[in-house]
Structures are given as structure tokens and as C-alpha cells.
Amino acid sequence: MKQSKTSGLFSPTQAELDILAKYKKRSELGEIWRRLRKNKAAVLGLVLLFIIFMSALFADVLYDYETEVVLPNYSSTLIAPCLEHPLGTDELGRDVLARIVHGSRLSLEIALLSTAISLSVGGIIGAYAGYIGGRFDSVMMRIMDIFLAIPNMLLALAIVAALGPNLMNLIIAIAISDIPRFARILRSTVLSIKDNDFVEAARAAGAKRSTIVFREVIPNCLAPLIVQASIVMAAAIILAAGLSFIGLGVQPPAPEWGAMLSSGRAYIRDYQYLVLFPGLAIVITVLAFNLLGDGLRDALDPRLKQ
């Protein structure tokens with residue numbers, strides 16, 4: 001600490017202020033983590049997601065993609081769940097558990113990439129619309145309203161039908177359908193903070209508009225975006241499964257959960273496990289994202305601090 005010549009008080013140096021800010025940020029993150037741990041439902045969602053992510057990460061170690069997931073084995077068709085095949089085999093003799101494990105990789109890839117794209121694009125649109133205001137805000141929000149008026153499934157279906165059914169087009173379609181939601185959320189948050197002291201200080205210091213938006217505004221709007229992202233990822237998995245179910249998503253023989261449901265429905269009368277286990281995989285993953293999203297909402301809400 002340096003002593004002030006005029007007042008005789010100690011004033012911190014810039015390095016000391018940076019250290020204090022760093023420890024303050026750590027304490028805030030620690031408080032959020034403490035409150036998240038108190039929510040048993042959120043912890044359950046976090047544990048389930050950890051297991052699903054680990055399964056996707058080590059899918060190639062657990063099951064060989066070519067021989068157990070894609071390549072038909074006609075000598076082992078439609079075997080009921082047993083010790084050798086815990087979840088049975090499908091109509092082509094492929095192990096259902098192996099396909100579900102590898103399918104988790106596809107579902108998470110779709111959810112993460114589509115959410116990242118929609119968050120980036122929608123976040124930038126919403127941040128600039130809220131900060132600039134005026135005619136630009138009105139025009140951008142009316143465009144977002146047009147997209148919001150179209151149901152997600154219908155909009156994504158139209159985009160995939162126009163671009164063609166494959167993994168990348170499916171991700172783009174889901175991302176476009178979710179852009180308005182992120183734009184709306186970030187715009188409303190920006191409107192509530194754009195007149196705060198730290199934004200006024202940056203503006204008075206002569207910072208450029210883009211600098212203020214990316215360095216001052218967006219970092220202070222992350223809490224609602226994180227919560228919305230967890231909810232959107234759950235919805236993206238359902239949307240991807242729905243499009244794959246009707247043949248407009250990931251194409252066979254890729255082990256996407258919706259495509260597995262579609263191929264198994266022809267055998268549902270005698271081999272219910274073909275649709276039961278992929279359906280449970282979708283339900284458990286979506287439930288885990290929703291539980292974690294609710295927990296994050298409560299942990300990040302400053303009004304709930306004790």
C-alpha cells in the first residue's frame with residue numbers, strides 16, 4: 001500500500017486492486033457453487049450430465065463404432081436384453097447400448113453447436129439492439145418477432161427441407177430457430193444495465209461502441225444467458241430427435257436417438273425395448289439439462305442471496 005501525501009491515508013496500487021478484484025470474483029463463483037450444491041435436483045442433473053458427457057467422450061473406448069454400431073450382424077438380430085447385450089440388439093443385429101452411447105455424442109454435438117451459434121448471433125443482435133435503441137432496435141426486434149411467431153419445429157423443418165437432411169444442416173436449422181430467444185433475453189437485460197455507472201464511465205472515457213458492448217455490457221448479462229442456454233440445449237435435443245424421427249435429421253446408419261426410435265417403431269409390438277431405451281436416453285438427458293438450468297437460475301439470481 002502507498003501512503004497518500006495529502007490525507008495520510010493508504011491508497012491501493014493498481015496491482016493490488018487487480019488482486020482484490022480477482023479474489024472478489026473467486027468469492028462470487030464460490031458462493032454460486034455453494035448455492036448450487038444446496039439444490040439437490042440441480043446436483044442430480046449435474047451428475048447425470050457428467051455421466052452422459054463421459055459416455056460420449058469415451059464412446060470409442062467402450063464400443064467400436066464400425067463393428068458394433070454401424071456394421072450389421074444378421075446372426076444376432078432382435079436379441080432381447082441379456083448379459084452379452086444389456087439392452088438387446090436391433091433388427092440388423094447391432095448392439096442397442098453401443099448405439100445409444102455413440103448416439104449421446106451426436107445429440108450433445110447438436111445441442112452444444114446449435115446453442116453456441118444461436119447464443120453468439122442472438123446475443124450480439126440483442127446486445128446492440130438494446131444498447132443502440134431507436135430505429136435499429138425496433139427493426140431488429142420486429143424481425144425477431146417474425147421468427148418467434150413460427151413454431152421451432154416448423155421453422156427448423158422448413159430450413160432442413162430447403163438445405164437437405166444432414167448433420168450440419170440440422171445444427172444450422174436448430175440454431176436459427178433459437179436466435180430470437182437469446183436476442184430477446186439479452187436485449188431486455190441490456191436495457192436494465194446500459195445506464196449504470198460502469199457503462200457511463202466507459203462512454204465518458206471515449207471507448208468505442210463495440211468495446212463497450214463486448215467488454216462492459218455482455219459480460220454483465222451472462223447469468224440469464226447461461227440459464228437460457230441450458231434450457232435451449234434440452235430443447236435442441238428434442239427438436240433434433242423429432243426431425244431425425246421423420247427422416248429430416250441425421251441419416252442412418254448414424255446412431256441418433258430419434259432415428260433409432262423411428263427404425264424401432266416397426267417392431268414395437270414384440271420388441272418394445274427398441275423404442276424404450278432410446279426414448280429413455282432422450283428423457284434422461286433433457287431432464288438433466290432442465291434440472292441443471294433450474295438450479296443455475298436459482299444460484300445466479302441475486303435476489304435469492306442469503
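Two aromatic pairs come out of the ring count in this predicted model, where rings of Phe, Tyr and Trp (its six-membered ring) pair if their centres lie within 6.5 Å, and planes under 30 degrees apart count as stacked, over 60 as edge-to-face and the rest as tilted. Tyr128 and Phe214 make an edge-to-face pair, with 6.2 Å from centre to centre and 70° between the planes. This pair links distant parts of the chain, as Tyr128 sits in helix 5 (residues 96-132) and Phe214 in helix 10 (residues 209-217), 86 residues apart. Helices here are DSSP runs (H or I, at least four residues), numbered from the N terminus. Tyr128 counts as buried, at 17% relative accessibility, whereas Phe214 is partly exposed at 43%; buried means under 20% relative accessible area, exposed over 50% and partly exposed in between (1.4 Å probe, protein chains only). Tyr271 and Tyr273 also pair edge-to-face, at 6.3 Å centre to centre and 90° between the planes. Of these two, Tyr271 is partly exposed with a relative accessible area of 27%, and Tyr273 is buried with 9%.

A word on conventions is handy at this point. Residues are numbered from 1 along each chain as its sequence is written, and side-chain values use heavy atoms, with hydrogens and water left out. As the model is predicted, local features need pLDDT of at least 70 and side-chain atom pairs count only at pLDDT 80 or more, while totals for chains, interfaces and linings use all residues.

Turning to helix packing, helix 8 (residues 167-193) and helix 11 (residues 222-245) meet at an angle of about 155°, and their axes are 10 Å apart. Helix 8 is therefore roughly antiparallel to helix 11, a label given to angles over 145 degrees. Axes are lines fitted to C-alpha atoms over the stretch in contact, and angles run from 0 to 180 degrees between N-to-C directions. Residues in the contact (heavy atoms within 4.5 Å) include Leu170, Ile174, Asp178, Arg181 and Phe182 of helix 8 and Pro224, Gln228, Val232, Leu239 and Leu243 of helix 11.

Gly264 belongs to helix 12 (residues 257-264) and is buried, at 1% relative accessibility. Leaving aside residues up to four places away in sequence, Gly264 touches Leu274 and Val275. The C-alpha atoms of Gly264 and Leu274 are separated by 5.1 Å, although the two residues lie 10 residues apart along the chain.

Notes
Helices (H or I, at least four residues) and strands (E, at least two) are DSSP runs, numbered from the N terminus. Angles under 35 degrees count as roughly parallel, over 145 as roughly antiparallel, 65 to 115 as roughly perpendicular and the rest as oblique.
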